[in-house]
Amino acid sequence: MIGLRQVGPGEFAARLDAVLEIYTAAMAPPADQLSGRKTIMGNHAVHPGFTCLFAERPDGMPVGLAYGFHGVPGQWWHDVVHQAMAERYGEGSARGWLGDALELAEIHVHPDYQGKGIGRTLVTGMCAGRPERTAVLSTRDQPTAARHLYRSAGFVDLLTQFVFPGGYERYAILGAVLPLRG
């Protein structure tokens, strides 16, 4: 049986290697990006309102994780997405979605454990009881199981075919009003 456990910034930072293993198995990123990704993830742990959930086997081994924090100006993802939304839809829309948002930075389940409801449990667990008005995230702009999960939880497309600065992959930026439906 897989259980959820909330971990604080200290434990998250101490277990970054396990976090990176799940990320690597789920996302298959180029090997040369892993060092930078680990640094970015470690830096996220100091953002305001940081929350992390591990989906763990009975022996304590994490097989999935989700983490996020309260988005504020000055955070890279927040600023990039805010600017793109303001340019496309106006400052009011960007503020409406990002002005009081839980930014779900990473949600990953090891492929050996996918398709068992763990991802849905992580998403709903992360969003439950949050003080923010909205939740936002980015995901590959493809018809994936993750994209279907987010839509079924109430997330809507805010931006599609979005390429982050310095990147090449196309992403969808999604948002949901909290609390999540269902």
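Colleague: Quick one: why do α2 and α3 count as oblique to each other?
Modeller: In this predicted model, the axes of helix α2 (residues 16-27) and helix α3 (residues 34-44) cross at roughly 125° and come within 10 Å. That makes α2 and α3 oblique to each other (under 35 degrees is roughly parallel, over 145 roughly antiparallel, 65 to 115 roughly perpendicular, and the rest oblique). Axes here are lines fitted to C-alpha atoms over the stretch in contact, with angles from 0 to 180 degrees between N-to-C directions.

Colleague: And which residues of α2 and α3 make the contact?
Modeller: From α2 you get Leu16, Asp17, Val19, Leu20, Tyr23 and Thr24, and from α3 Leu34, Arg37, Lys38, Met41 and Gly42. Contact means heavy atoms within 4.5 Å. Helices are DSSP runs of H or I with at least four residues, strands are E runs of at least two, and both are numbered from the N terminus.

Colleague: What about phi of Gln161?
Modeller: Gln161 is not a glycine either, yet its phi is positive, about 55°. Gln161 belongs to strand β6 (residues 156-162), and Gln161 is partly exposed, at 44% relative accessible area.

Colleague: Peptide bonds, then: is Leu178 to Pro179 cis or trans?
Modeller: Cis, with omega near -5°. Pro179 is in the segment after β7 (171-177).

Colleague: Switching to rings. How many aromatic pairs does the structure hold?
Modeller: Seven. Rings of Phe, Tyr and Trp (its six-membered ring) pair if their centres lie within 6.5 Å; planes under 30 degrees apart are stacked, over 60 edge-to-face, the rest tilted. One of the pairs is Phe12 with Tyr67, whose centres are 4.9 Å apart and whose planes are at 65°, so the pair is edge-to-face.

Colleague: Where in the chain are Phe12 and Tyr67?
Modeller: Phe12 is in helix α1 (residues 9-14) and Tyr67 in strand β3 (residues 62-70), so the pair links distant parts of the chain, 55 residues apart. Both Phe12 and Tyr67 are buried. Tyr150 and Phe155 make an edge-to-face pair too, at 6.0 Å centre to centre and 65° between the planes, and Tyr150 and Phe155 are buried as well.

Colleague: Which residues form one aromatic cluster?
Modeller: Trp76, Phe162, Phe164 and Tyr171.

Colleague: What does Thr139 touch?
Modeller: Ala146, Arg147, Tyr150, Tyr171, Ala172 and Leu174, leaving out residues up to four places away in sequence. Thr139 is in strand β5 (residues 134-140) and is buried at 10% relative accessible area.

Colleague: Last one: at what angle do the axes of α6 and α7 cross?
Modeller: Roughly 45°, for helix α6 (residues 118-127) and helix α7 (residues 145-152), with the axes coming within 10 Å. α6 and α7 are therefore oblique to each other. Gly119, Arg120 and Val123 of α6 make the contact with Leu149, Tyr150 and Ser152 of α7.

Notes: Residues numbered from 1 in each chain as written. Predicted model: local features only at pLDDT ≥ 70, side-chain atom pairs only at ≥ 80, totals over all residues. Heavy atoms only, no water. Buried < 20%, exposed > 50% of the residue type's maximum accessible area, 1.4 Å probe, protein only.
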